[in-house]
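Could you walk me through this structure, one selection at a time? I have it open in my viewer and would like to know what to click on next.

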Amino acid sequence: MTLADDRAAAVWDAEEARRARSARIETVARWVIPVLVVCATLGLWQWYVIAYEVPHYLLPAPTRIWEQLVTDRLILADALWVTLKITIMALAVAVLGGVLLAILFNQSRFAELVFYPYAVILQVTPIVSIAPLIFIYVKEPTARVLICAWIVAFFPILSNTTLGLKSTDHNLRDLFAIYGASRWQRLIFLQLPSALPYFLGGLRIAGGLALIGAIVAEYVVGTGGAGSGLAFRILEASYRLNIPRMFAALALIAVVGVAIFALTSFVSWFALRKWHESAIRRET
Amino acid sequence: MTELAQRTIRPLGERPRLLEMQGVAKVFNGTVTALQGMNLALNEGDFLSLLGPSGCGKSTALRLIAGLMQPTAGRILWSGGQQKGDLGVVFQEPTLMPWATVAQNVHLPFRLRGQGFASVRSRVDEALDLVGLSNFHDAYPRELSGGMKMRVSIARALVTGPRLILMDEPFAALDEITRQKLNNDLLAMRGKIGCTVIFVTHSVFESVFLSDRIIVMAPRPGRVVEELQVDAPYPRRMEFRTSTTYAAHAQVVSRALAQAMGEPA
């Protein structure tokens with residue numbers, strides 16, 4: 001090895017080290033910075049409430065909300081379970097219904113012409129205005145809420161999956177035709193895998209919407225007695241001016257929303273990690 | 001080579017007929033004549049190039065033979081009738097399923113016939129060996145270079161041992177060096193398994209290097225203007241590219257192409 005080679009190697013090492021260091025910093029920062037931001041916000045909030053002596057029935061301090069969470073843990077846990085159950089069920093039915101409808105639309109142009117207008121009408125009509133009708137027609141309280149949440153959640157899955165089923169590579173379609181593939185073979189081996197990234201994009205949107213649908217439905221139709229989810233607890237607490245409990249329930253809803261987003265994002269990454277651009281980390 | 005090697009290539013004049021195009025025409029929207037009265041006799045063992053500029057109907061001819069569209073006039077006759085699995089196809093893009101591994105992609109033609117992977121594993125292995133990708137069974141297409149993807153595509157086309165392989169400008173998107181390598185390897189593969197090929201290209205040099213028959217086509221309307229033979233023996237290796245035979249043929253073909261385009265040679 002000559003001196004020049006040595007120097008080149010040394011330069012390369014420094015460059016490499018710098019790159020490795022910045023990669024390490026990024027890995028840590030990705031978690032640390034959001035956590036710090038949240039902590040700082042909570043700290044500022046706490047300080048403001050104490051410094052300006054804001055009464056807890058206007059704005060409770062984070063510590064006060066935490067205390068309320070602990071005191072009301074049984075009521076809130078029950079409510080959380082009710083809301084969570086509705087959300088998950090609505091999402092499951094939305095996935096099933098959305099995917100099956102998308103396949104039906106894709107396989108039968110006639111079915112698409114017949115049913116698609118209804119899908120669009122359901123989507124563009126605000127759920128708050130449909131909900132009272134559902135309250136009248138459906139007697140079972142859980143079913144009422146579930147239907148509302150489903151209406152809100154299923155459309156992104158339907159429209160994304162429909163788009164995905166249409167977005168197959170034309171050459172691959174030709175190839176399947178040349179090899180004499182049946183329409184079911186084309187659906188299973190070509191269209192469904194092509195639609196997967198689109199479906200998963202729809203799932204991420206639908207996860208958040210299912211929660212929103214469940215909450216809105218509870219506000220509108222679920223207050224008639226049996227519904228006792230988080231939204232019901234918020235309403236009840238607001239009537240009693242129990243502001244800390246409102247915040248506690250609100251915090252739980254936010255946590256559920258974040259958890260659903262994290263979970264659907266993980267599912268999406270896991271399913272696509274081997275082959276889809278969206279899930280592949282490029283080496284620099 | 002056990003299962004894929006099944007055909008021997010006979011000399012040009014002694015080959016049995018594989019298919020015939022009789023006065024095949026294709027008109028789009030009732031106005032645009034993509035292909036005008038094409039007659040073609042293809043024999044078993046032919047390496048036939050369709051050569052011409054864009055718009056000359058060479059890809060249309062290929063799609064007609066593939067059965068992807070129906071001719072407006074004329075007919076295409078296979079000797080002994082066309083069976084499922086008679087065709088293998090390579091497009092300009094590798095056209096691989098990105099969610100499937102290399103081996104799964106090559107297995108596709110069998111899968112669509114209802115044959116599971118285990119029952120044809122040796123065929124898939126053999127096809128991948130033939131294109132030089134025996135170590136990449138479990139790789140995903142995105143992990144491969146453009147040339148390697150094209151090799152997978154070729155393996156998929158020949159894995160079932162089809163009577164005819166259609167190639168639609170398969171190497172047009174590759175760099176020159178990769179392209180030459182693939183040209184050499186394609187001829188080596190053909191030497192081993194004796195397949196019949198129709199090869200669409202717009203490169204005079206590619207057509208002369210690869211084929212023993214060249215159909216020169218012209219645009220507006222798309223039609224056949226000349227049929228030539230390249231009577232240089234296979235195997236052709238790198239040296240063929242610098243030989244006088246090669247240069248002479250390239251000149252003849254270039255002149256035919258220039259004439260087809262209506263330019264002074």
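Start by selecting B:D212, a buried residue whose relative accessible area is 3%. One thing to keep in mind along the way: this is a predicted model.

Is B:R15 buried or exposed? With 10% relative accessibility, B:R15 counts as buried, because the cut-off for buried is under 20%.

Side chains of opposite charge can pair when their charged atoms come close.

**Stop two: a pair in chain A**

Move to chain A and select A:R245 together with A:D72. Their side chains meet in a salt bridge, with 2.6 Å from N to O. Here too the pair links distant parts of the chain: A:R245 lies in helix α10 (residues 243–272) of chain A, and A:D72 lies in the loop between α2 (62–71) and α3 (73–107) of chain A, 173 residues apart. Both A:R245 and A:D72 are buried.

**Stop three: along helix α1**

Select A:E16 and A:R19 next. A salt bridge joins their side chains, at 3.2 Å from N to O. Both residues are in helix α1 (residues 3–51) of chain A, and because A:E16 and A:R19 are three residues apart there, about one helical turn separates them. How accessible are they? A:E16 is partly exposed, at 33% relative accessibility, and A:R19 is partly exposed as well, with a relative accessible area of 34%.

Over all chains, the salt bridges number 21.

**Last stop: the largest pocket**

Finish by selecting A:D169, A:W275, B:L96, B:P98 and B:W99, the lining residues that lie nearest the centre of the largest pocket. How many residues line the largest pocket in total? There are 18, and they divide into nine nonpolar, five polar and four charged. Helix α8 (residues 183–220) of chain A supplies the largest share of this lining, three residues. The space inside the largest pocket comes to about 450 Å³.

Definitions and conventions: Residues numbered from 1 in each chain as written. Chains lettered and ligands numbered in written order. Predicted model: local features only at pLDDT ≥ 70, side-chain atom pairs only at ≥ 80, totals over all residues. Heavy atoms only, no water. 1 Å grid on protein atoms, 1.4 Å probe; cavity = no way out; pocket = protein on both sides within 12 Å on 5 of 7 lines; lining within 4 Å. Points joined across faces, edges and corners; volume = space filled by probe spheres on them. Helix = DSSP H or I, 4+ residues; strand = E, 2+ residues; numbered from the N terminus. Nonpolar A, V, L, I, M, F, W, Y, C, P; charged D, E, K, R; others polar. Salt bridge = Lys/Arg side-chain N within 4 Å of Asp/Glu carboxyl O. Buried < 20%, exposed > 50% of the residue type's maximum accessible area, 1.4 Å probe, protein only.
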